[in-house]
Amino acid sequence: MAPQTPTATSSGYNTPDSELESIVPVHPTAVRRPNYITVQSENTAYTDEHITAKYFYRGADVVVSDGQFTVTPTVKPYEFQTVRKVGKTGLMMIGIGGNNGSTLCATILANKHQISWHTKEGIQQPNYIGSVLRASTVRIGSEPGTGKEVHVPISDVLPMAHPNDLVLGGWDISSLPMDKAMERARVLDYDLQRQVKPHMALLGSPLPSIYYPDFIAANQEARADNVISGTDKQVHLEHIRADIRRFKAQNELDRVVVFWTANTERYSDIIPGVNDTADNLLAAIRSSHSEVSPSTLFAVAAILEGEPFVNGAPQNTFVPGVIALAEREKSFIGGDDLKSGQTKLKSVLAEFLVNAGIKPLSIASYNHLGNNDGHNLSAEPQFKSKEISKSSVVDDMVDANRLLYKPPAPGAKGKAAKGEHPDHIVVIKYVPAVGDSKRAIDEYYSEIFCGGRQTINIFNECEDSLLATPLILDLTILTELLTRVKYRDASAGQTEFAPLYPVLSLLSYMCKAPLVKPGTDVVNSLGRQRNALESFLKACVGLEGNSDLLLETRIW
């Protein structure tokens, strides 16, 4: 798909509704602002090309012996260097013709052309509500004298791409043109669809994609009329690599983010000698091994082209061989699975209960939805991928409190290796009538003081794609930023700046099953994920991490 620039009237509207422009300003989440944060400090330096900041990473080493804890505070000096110029960025989505992909394209075009529309509630303006980067703020300090806290949009802390500037393209197993794909999704209001349709039509049809029937539900076969021919996976890999190169060259891009937002696949088997190392995985592709999935092929193609790849679905795209290949090529990867609704709420509520000293005994989650994602997940192998993704969200919170939960026995394996754990069940059902409007019901059953019990029930109704699509924006924009950040470890005498580690664990806030550096702990706590993201962005401009000590309010 080679996107074109739609022709719009001078007012930015393509319908007679253009008179709305005078009464509907640009929404604050879509406004363009200059990078107006300037840190005046000996630790922060600005040039036309870079922001360079010294940062002191404070931690503690803990030695445990005979039940005693000996704590030694540590300080390590680092320097971060961020390229100030935001390059022209493309977003290539696998599954661009699905609900998320078509909705994202339509809403970006609506914002870009300031298309307002009528609903039964009145006039609606385009916006980026739901985007963490565009619609939330970070505290950067307080005003002298008054002590009043100052908050700024997260997108203003460092130079970041504006969503309106993303060049859109991608692949889909369905050949339906993008304007028709938007209509098929039935996510957006009719009046918005009517006005944005000419712009969507100029996006054309998706590029042919990879289709291996064994990896997605059989009910998706009817859509698969736009697939790369043949069964040779090496040929498919080279085809995708050529697509990325062509898209980048035709649109004169500095960076392409490749994003999986297609159907959930079944889990791939991890087989020694097949997908456990980079070389074995490349050999498995050459031999067209049956356990090489489409998403893994796309990831490998992006890595070999030096472009970042983000997995927005729950399958195990990042088999060990993919991670090893990303390390070897120093190419960025991140994921897994968009954390938009029920799981995000669960990571907050479970943490609240455990931190309050309350012991969740069981967490039961039920969902039903009627979009194509629900249709695909009605097949057991694909549901299993989603179940695994959603079920691990409380693990780190439980592991952090062994006052409430017994630790694992020495040498325990399998489920027993987690130690005592709440019963946790996830159910997803396909109900076509409700369309994109997902219903999620959660029950938290907990032990409280002296054998008492507490039950919390939550019912959440949400438009699934309208929660998920802003996260695709966040993940894309944040990924592009992280490709421009380098660091050096001053304590190790490192003289040259180096890129960040290829697995972008800073994307965790938006992911159900965060991919992290092998051998390190997964953090699912939403509060800790958010704090890590804010602290990193502030560190890159030489500011200290978040502190709620507010010492000035505690002393005379």
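User: Why is Arg 194 called partly exposed?

Analyst: In this predicted model, Arg 194 has a relative accessible area of 34%. Buried requires under 20% and exposed over 50%, so Arg 194 falls in between and counts as partly exposed.

User: What makes Asp 191 and Arg 194 a salt bridge?

Analyst: The closest N and O atoms of the pair are 2.4 Å apart, and the criterion is a distance within 4 Å; the pair therefore qualifies. Both residues lie in helix α4 (residues 190-201), three residues apart, about one turn of the helix. Asp 191 is buried, because its relative accessible area of 10% is under 20%.

User: How do you know that Asp 464 and Lys 438 form a salt bridge, and what does the pair tie together?

Analyst: Their N to O distance is 3.4 Å, which meets the limit of 4 Å. Asp 464 belongs to helix α13 and Lys 438 to strand β16 (residues 437-447), so the pair ties together parts 26 residues apart in sequence. Asp 464 is buried at 10% relative accessible area, and Lys 438 is buried at 10%.

User: Why is α1 called roughly perpendicular to α13?

Analyst: The axes of helix α1 (residues 99-112) and helix α13 (residues 464-482) come within 9 Å and cross at roughly 70°. Angles of 65 to 115 degrees count as roughly perpendicular, so the label applies to α1 and α13. Residues making the contact include Leu 104 and Ile 108 of α1 and Ile 472 and Leu 473 of α13.

Note on methods:
Residues are numbered from 1 along each chain as its sequence is written. This is a predicted model: local features need pLDDT of at least 70, side-chain atom pairs count only at pLDDT 80 or more; totals for chains, interfaces and linings use all residues. Side-chain values use heavy atoms; hydrogens and water are left out. Axes are lines fitted to C-alpha atoms, for helices over the stretch in contact, and angles run from 0 to 180 degrees between N-to-C directions. Helices (H or I, at least four residues) and strands (E, at least two) are DSSP runs, numbered from the N terminus. Angles under 35 degrees count as roughly parallel, over 145 as roughly antiparallel, 65 to 115 as roughly perpendicular and the rest as oblique. Contact means heavy atoms within 4.5 Å. A salt bridge is a side-chain nitrogen of Lys or Arg within 4 Å of a carboxyl oxygen of Asp or Glu. Buried means under 20% relative accessible area, exposed over 50%, partly exposed in between (1.4 Å probe, protein chains only).
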